[in-house]
Amino acid sequence: MPEPYDVVTMGRIGVDLYPLDIGVPLARVETFGKFLGGSPTNVAVAAARLGRRTAVITRTGRDPFGDYLHQELRDFGVDDRWVTPVEEYPTPVTFCEVFPPDDFPLYFYRQPKAPDLEIHPSELDLDAVRAARIFWMTGTGLSAEPSRAATLAALRARSEGPAEEPRTDTAADTGACATVFDLDWRPMFWDGGDRGSVARARYREALAHATVAVGNIDECEIATGEREPHAAARALLAAGVELAVVKQGPKGVLAVHRDGSTAEVPPLPVEVVNGLGAGDAFGGALCHGLLAGWDLARIMPYANAAGAIVASRLACSSAMPFPDEVERALAEGAVPADRANGASANGACANGPSGTRSSATGPSGAGTESPASRPSGAAS
């Protein structure tokens with residue numbers, strides 16, 4: 001087995017085809033950019049950009065798009081050894097429309113079934129999963145078999161020993177840091193768009209093995225039945241996690257730890273191009289901060305800033321920030337003007353309409369805001 005990874009993520013992968021024509025309906029778009037996509041995969045990329053050693057467990061089709069995703073992962077420095085092909089299903093493709101500041105409809109093409117839902121328990125390297133300092137999984141992985149059984153097997157490997165006995169070694173002994181459940185509620189991936197007892201039961205089963213839960217208000221409601229942020233955080237702690245992170249979009253981010261520490265971080269001003277990748281950048285930065293041993297008062301603003309930077313760019317994976325970019329945004333109290341709507345590190349972003357300065361309120365829920373909605377006394 002290789003040296004333990006800092007972060008291993010598991011779940012969705014695909015090709016994002018994002019319009020290079022901003023503010024144009026999909027039916028009229030003529031030019032698209034092609035990017036690596038899939039939330040847990042993007043989290044691995046985001047953590048790698050911040051200097052962490054990462055890998056992803058997922059599956060693609062055996063097709064040219066699958067080949068493309070392997071190459072992108074390698075270029076981003078993410079280990080692809082556990083990205084395997086599925087013969088019978090094509091690599092998923094996702095389109096979006098880009099209407100800044102807060103309208104980014106998504107169109108998933110994952111029929112008849114996405115390869116990343118064909119991860120089997122027998123294929124997992126449970127020793128590597130167990131050894132990873134952070135393991136990150138998502139709610140989508142619980143939506144269908146065999147992915148659900150594989151996801152739960154990985155979670156049990158984190159919370160139980162090889163003989164399925166509770167682990168007696170400590171995090172310090174093993175190097176383990178966190179098992180993160182990204183609540184990631186996508187109703188279109190569940191039979192009948194389930195919003196009832198089946199999804200909640202599966203979420204609660206996974207929460208019993210996780211140490212960190214991350215989700216926006218809608219996702220917290222699916223997991224706990226609670227929409228009020230503090231009540232949702234308390235319910236997540238009661239379900240078994242040690243740290244609950246509730247993303248509130250333009251209202252910022254709330255984090256509550258079982259030890260009583262809390263952090264509530266206001267939004268960061270940013271000129272929004274596409275809010276869809278902000279939550280993945282937030283996740284990668286959250287992992288980075290946990291691995292560094294930072295307290296919540298440092299982790300949450302850092303993760304918030306990473307998300308805001310990506311909201312200022314078109315793509316997700318290629319838009320993930322480097323450490324110096326996050327530090328600059330924190331120092332200036334906003335995403336700097338020369339970075340907002342500018343090119344990402346590899347030039348994969350398009351310009352949005354000038355003067356659009358508002359909140360990223362897409363599925364990510366990362367805290368960004370317009371100056372007009374900024375709380376009194378907040379830094380400009």
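Ser39, Asn42, Val43, Ala46 and Ala47 in helix H1 meet Asp280, Ala281, Gly283, Gly284 and Cys287 in helix H9, where contact means heavy atoms within 4.5 Å. Helices here are DSSP runs (H or I, at least four residues), numbered from the N terminus. This is a predicted model, in which local features need pLDDT of at least 70 and side-chain atom pairs count only at pLDDT 80 or more, while totals for chains, interfaces and linings use all residues. Residues are numbered from 1 along each chain as its sequence is written, and side-chain values use heavy atoms, leaving out hydrogens and water.

**How H1 and H9 cross**
- The axes (lines fitted to C-alpha atoms, for helices over the stretch in contact) of H1, residues 39–49, and H9, residues 278–292, come within 7 Å and cross at roughly 50°.
- That makes H1 oblique to H9.

**The nonpolar cores**
- A nonpolar core is a set of buried Ala, Val, Leu, Ile, Met, Phe, Trp, Tyr and Cys residues joined through side-chain atoms within 4.5 Å; buried means under 20% relative accessible area (1.4 Å probe, protein chains only).
- The largest such core has 70 residues, and Val78, Ile134, Val245, Leu290 and Met300 touch the most other members.
- Helix H10 (residues 296–311) gives the most to this core, with 10 residues.
- Apart from it lies another core of 45 residues, including Leu124 and Phe181.

**A look at arginine 130**
- Arginine 130 is found in helix H3, residues 126–131.
- Arginine 130 is buried, with a relative accessible area of 13%.

Note on methods. Buried < 20%, exposed > 50% of the residue type's maximum accessible area, 1.4 Å probe, protein only. Helix = DSSP H or I, 4+ residues; strand = E, 2+ residues; numbered from the N terminus. Axes fitted to C-alpha atoms, helices over the stretch in contact; angles between N-to-C directions. Parallel < 35°, antiparallel > 145°, perpendicular 65-115°, else oblique.
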